[in-house]
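User: I'd like to learn how to read the features of this model. Could you walk me through them one at a time?

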Amino acid sequence: MSIFTFDEHNAEVLCCAYSPDDTLIVSSDSKGCVIVWEAECGFIKFRKHHSAIGQSVNFCSFNKSGTVFGATGYDAIDLWDSEKGNLLQTFLHWDLRVERFCFTNDGYHIISVFDNSIYKWDLRTNLYSKIKLPSSKNFVILSCCLSADGNFLACGTSDSSVIILDMNSEAVIYNVKGHKESVINVMFSTDGKKLLSVSYDWYVIHDMTAVKNTSAVSFEGNLSVQLKDELLIATSSYWKCVEIRRGFQGELICQTEAEKKDICSLSSSISEVVYGMEDGSLKVLNISSKNVTILEKHEGRINYILHSKKGSTFFTCSEDKTLRVWKEGESLPIKVLRGHSQSVLMCVQFRTCDWLVSCSKDGTLRVWDVVEGDLKFSISEGHGNQDVLFCDISHDDSYIASASSDKTVKVWHTSNGQLYKSIECSEAVRCCRFYFSSYVLISGDDSGAVTQWHFGGKGEPKVIGFHDSQVRGIYFAVNGSQFITVSDDIKLWKRDGTFAQTLLLPTSFTGVTPPSIWPSDNFDIFVIVHNSVLYILKKI
């Protein structure tokens, strides 16, 4: 049963919204009329006509404090004072239809979406900045919504997907699938854990905790595979337990109790799996005995686990700003490496000595002697204060490569930490790997671009191709004849950078996390975890 019927519009009503305190309602219609109502009695407080005369006003909203309301018609956004009804500002968009806008939490900005663009307007200066999207994208943005904490912006698009941006870095972090038609509306839950997206065919509820709790780096933390006498697979995605499966049929041989686990790693001896959790807890499952050993806890989430190929040690990287060195069978770390000022994202072991390089959200790389526990040197100037998302070491240990959200890849001398070469990319770079030659590097960035880089005096970096979304992984065949790059699909390339083929991944209408992939040495086997499903693909 209705409480009030608001019937003062003379045209089709296109949108309405409550003020944050639920005392006012703003509505708009197809003839450009905007009305503010008192919710408790239904009286009209203001009747306004949009500056886009005669145009339909397809969206209206209040700011977070309720002191300002706004409406968009054709290419203009009008903002009014909620107390007196005075027109405060008008933001014009050059004869391009504005589909939607939203107020930021700080009260100083609005985000507008139109065509395939996202603009951030400063209400104090009327100036704007453009939030850059991958250049390979070809769609119209039809809807947008900020999460309650203001950290994420979701945009529904005409290509049936939802793109999610991290508003701190203003970078696209996910491209969510699940619709067959244009996504005309998106909305976060108040706790930020769910995202509702709506198209003409159906609506989809996405789990945003998967987005928030997945590190923005390209290693496969929830999938660990060893192939020796037989195939052994450890996974820790979605099921809240670590599962150990054997063989090409994926026979389940062991699993842990249900807990919220983020990341896992099989030991080189294939006798145990180490797994870490959001709260910093670390446990070890012995695969044959099924016994679980609890290790000393980190003080923050575990970002990365690396088992040494040289012996029975492994390394953990954590949000508590430390790396820890462990010996299998012991519950206390043998070394705690301190020095980073923010979360440590990953580490890579040198091949010819007992050194380890780590990268961090503090913008630095650090090289450690893991036997002595000493810092050999720090690389702190190259990426400023931007996240260093990935690092790699050349096969002869001569160079370190680092990939960053500052849109660069840099190569450093391992002898002294000095910068050797730098490459500019169009978007944040999440992965880079040295080829078997120490002078060839492959990188992938958030625009989907794959770049082949000869930095030994053999020419400039060359973009060899594109994925449709961010590149999150690069792998080389052991014989050096080809390599693959991983996004929402897998692309196979010949050694010289010539494109060979695309392997499409299965899709699902649930889940938003990117696929986790393990390839065998010669790419004849792929193990994939995608949207809660484990796939084992074997070349025939």
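User: Let's begin with tryptophan 80: is tryptophan 80 buried or exposed?

Analyst: Tryptophan 80 counts as buried, because its relative accessibility is 3%. Buried means under 20% relative accessible area, exposed means over 50%, and partly exposed is in between, with a 1.4 Å probe and protein chains only. Before we go on, this is a predicted model, where local features need pLDDT of at least 70, side-chain atom pairs count only at pLDDT 80 or more, and totals for chains, interfaces and linings use all residues. Residues are numbered from 1 along each chain as its sequence is written, and side-chain values use heavy atoms, with hydrogens and water left out.

User: How do I read an aromatic pair?

Analyst: A pair of aromatic rings is described by the distance of the centres and the angle of the planes. Rings of Phe, Tyr and Trp (its six-membered ring) pair if their centres lie within 6.5 Å; planes under 30 degrees apart count as stacked, over 60 as edge-to-face and the rest as tilted. By this rule there are 24 aromatic pairs. In one of them, phenylalanine 69 and tryptophan 80 have ring centres 5.2 Å apart and planes at 20°, so the pair is stacked. This pair links distant parts of the chain, eleven residues apart: phenylalanine 69 is in strand β6 (residues 68-73) and tryptophan 80 in strand β7 (residues 76-81). Strands (E, at least two residues) and helices (H or I, at least four) are DSSP runs, numbered from the N terminus. Phenylalanine 69 is buried, at a relative accessible area of 0%.

User: What kind of pair do tyrosine 435 and phenylalanine 483 make?

Analyst: Their ring centres are 6.1 Å apart and the planes stand at 85°, so this pair is edge-to-face. Tyrosine 435 is in the loop between β40 (429-434) and β41 (440-445), while phenylalanine 483 is in strand β45 (residues 482-486), 48 residues apart. Both tyrosine 435 and phenylalanine 483 are buried. There is also an aromatic cluster formed by Phe91, Trp94, Phe114, Tyr119, Trp121 and Tyr128.

User: Which charged residue lies over the face of tyrosine 108?

Analyst: A charge sits over a ring if NZ of Lys or CZ of Arg is within 6 Å of the ring centre and within 35 degrees of the ring normal. Over the face of tyrosine 108 you'll find arginine 124, at 4.3 Å from the ring centre. Lysine 421 lies over the face of tyrosine 420, at 5.6 Å from the ring centre.

User: Now for sheets. What is the strand order in the open sheet of four strands?

Analyst: Two strands pair if DSSP finds at least two bridges between them. The order here is β32-β33-β34-β35, with antiparallel pairing. Its edge strands, β32 (344-349) and β35 (374-379), each pair on one side only. Strand β34 (residues 365-369) pairs with β35 over five antiparallel bridges, and arginine 366 has serine 378 in β35 as its bridge partner.

User: What is the order in the open sheet of three strands?

Analyst: That order is β48-β49-β50, again with antiparallel pairing. The edge strands here are β48 (516-519) and β50 (533-538), each pairing on one side only. Four antiparallel bridges join β48 and strand β49 (residues 525-530); in β49, valine 529 is the bridge partner of serine 516.

User: Finally, how is the chain divided?

Analyst: Domain bounds come from an automatic or database domain assignment. The chain has domain 1 (7-234) and domain 2 (302-538), with C-alpha centres 34 Å apart.
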